[in-house]
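Biologist: Could you take me through one part of this protein up close? I am new to reading structures, so please go step by step.

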Amino acid sequence: MSEAVALAHPNFALSKYWGKRAGPGNFPAVPSLSLTVAGFTTRTRVRFDASRSFDHVVLDGQEANGRTRSRVVDLLDRLRRAVGEERSAEVISRSDFPVASGLASSASGFAALALAAVHALDLDWDESRVSDLARRSSVSAARSVFGGFVELTEGAPGAAEDEMLAATPLASSGHLPLCVLVAITTEARKAVGSTDGMRMTLEHSPYAGAWLEEAPKLHARLRHALLARDFTRVGELSEASALAMHATAIAAGVLYWNGATVAVLHTVRGLREAGIAAYATIDAGPHAKVLVRPDDVVRVAEALRATAGVLRVIEGRIGEGAKLLPAGTHP
Ligand code: PMV
């Protein structure tokens, strides 16, 4: 038996990836820049075992089946094909936060899975290869392999399916002090997964072309503001990227927001009018994430808790990349 255990944190995109490039290989259509978030963790153990006849996948204590299982098996198959491995595996994974609700559980999940699977097979792969393996299952997972502020470009147009595309670390966690307050607005799973939401957006939104043209420009400005350590610009551009992504999706009928998501947007505007630098970002789900300076955490968290429909507020800090845990650790 060969096994390894890894942990990874989710990441929240400041400039959003929304839309896949046409053709095979799971390449993003636009570049993105994210923040890896400590305070939320997925732990995954992968064990290749010659006595198994099929892959066994257990997520959060429940045996996975259907599409959830096949996405895990696909990653294992890609790795097995790449290195000539024939054994089946057992995958046990646990996340300490709500999954499938726009809190980036696929990012932390596939980053931890890729790292654990590569090390269970004792492969001498660097982080870029692990990031590329994770990206083939979930684009945003490529970014969770690294800590701090992380960039993923859209790669070379027309790249072949087997061409490598990995995320790269852009700045360390200490580069720009900020916290993310996550306003949880429901305990339910989202109705439309991000892959379907993106496909519907690109196929049906009258603004899809505008998004594909605008997203790289927003990304370049945000990258510049981040490297200049300009918190206000980073916040403004992050909110602009999220609103542009959602406006494009909403025009295709893809609506992830609930009433509390909108209420948080108003709270954040009110805070800014009162002189507090707070900026919202929203992913493929109804929760809102608010970027604030560390000194403003208490005041902003209080305002978010007082917002109608917000169930609770979780504080996230800038986190490190995926890492291995000692053998024998139970997820
Ligand atoms: O990579 P996926 O399928 O988890 O999609 C992520 C999409 C967003 O979270 C909305 C944006 C992003 O860049 O993470």
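This is a predicted model: local features need pLDDT of at least 70, side-chain atom pairs count only at pLDDT 80 or more; totals for chains, interfaces and linings use all residues.

Biologist: Which residues in α1 meet which residues in α2?

Modeller: Start by finding the two helices: α1 covers residues 66–83, and α2 covers residues 105–120. On the α1 side, look for Arg-71, Val-72, Leu-75, Leu-76 and Leu-79. Their partners in α2 are Phe-110, Leu-113, Ala-114, Ala-117 and Val-118. Sorted by class, this contact has 9 nonpolar residues, 1 charged residue and no polar ones. Now step back to see how the helices are arranged: they pack at an angle of about 35°, and their axes are 11 Å apart. The crossing of α1 past α2 is right-handed.

Ser-106 has a polar side-chain atom 3.0 Å from an oxygen atom of the ligand. For Ser-140, an N or O atom of the side chain is 2.8 Å from a ligand oxygen, while for Ser-138 the corresponding distance is 3.4 Å. The protein buries 93% of the 380 Å² that the ligand exposes when taken alone. In total, 14 residues surround the ligand, and the closest are Tyr-17, Ser-106, Ser-140, Arg-143 and Ser-194. By class, this shell has 7 nonpolar, 4 polar and 3 charged residues.

Notes. Residues are numbered from 1 along each chain as its sequence is written. Side-chain values use heavy atoms; hydrogens and water are left out. Axes are lines fitted to C-alpha atoms, for helices over the stretch in contact, and angles run from 0 to 180 degrees between N-to-C directions. Helices (H or I, at least four residues) and strands (E, at least two) are DSSP runs, numbered from the N terminus. A crossing is left-handed if the near helix is turned anticlockwise from the far one by less than a right angle, and right-handed if clockwise. Contact means heavy atoms within 4.5 Å. Ala, Val, Leu, Ile, Met, Phe, Trp, Tyr, Cys and Pro count as nonpolar, Asp, Glu, Lys and Arg as charged, and the others, Gly among them, as polar. A residue is near a molecule or strand if one of its heavy atoms lies within 4 Å of it. A polar contact is a pair of N or O atoms within 3.5 Å; within protein, one must be able to donate a hydrogen and the other to accept it, and residues adjacent in sequence count only if both atoms are side-chain atoms. Accessible areas come from the Shrake-Rupley method with a 1.4 Å probe; for residues, only the protein chains shown count as cover.
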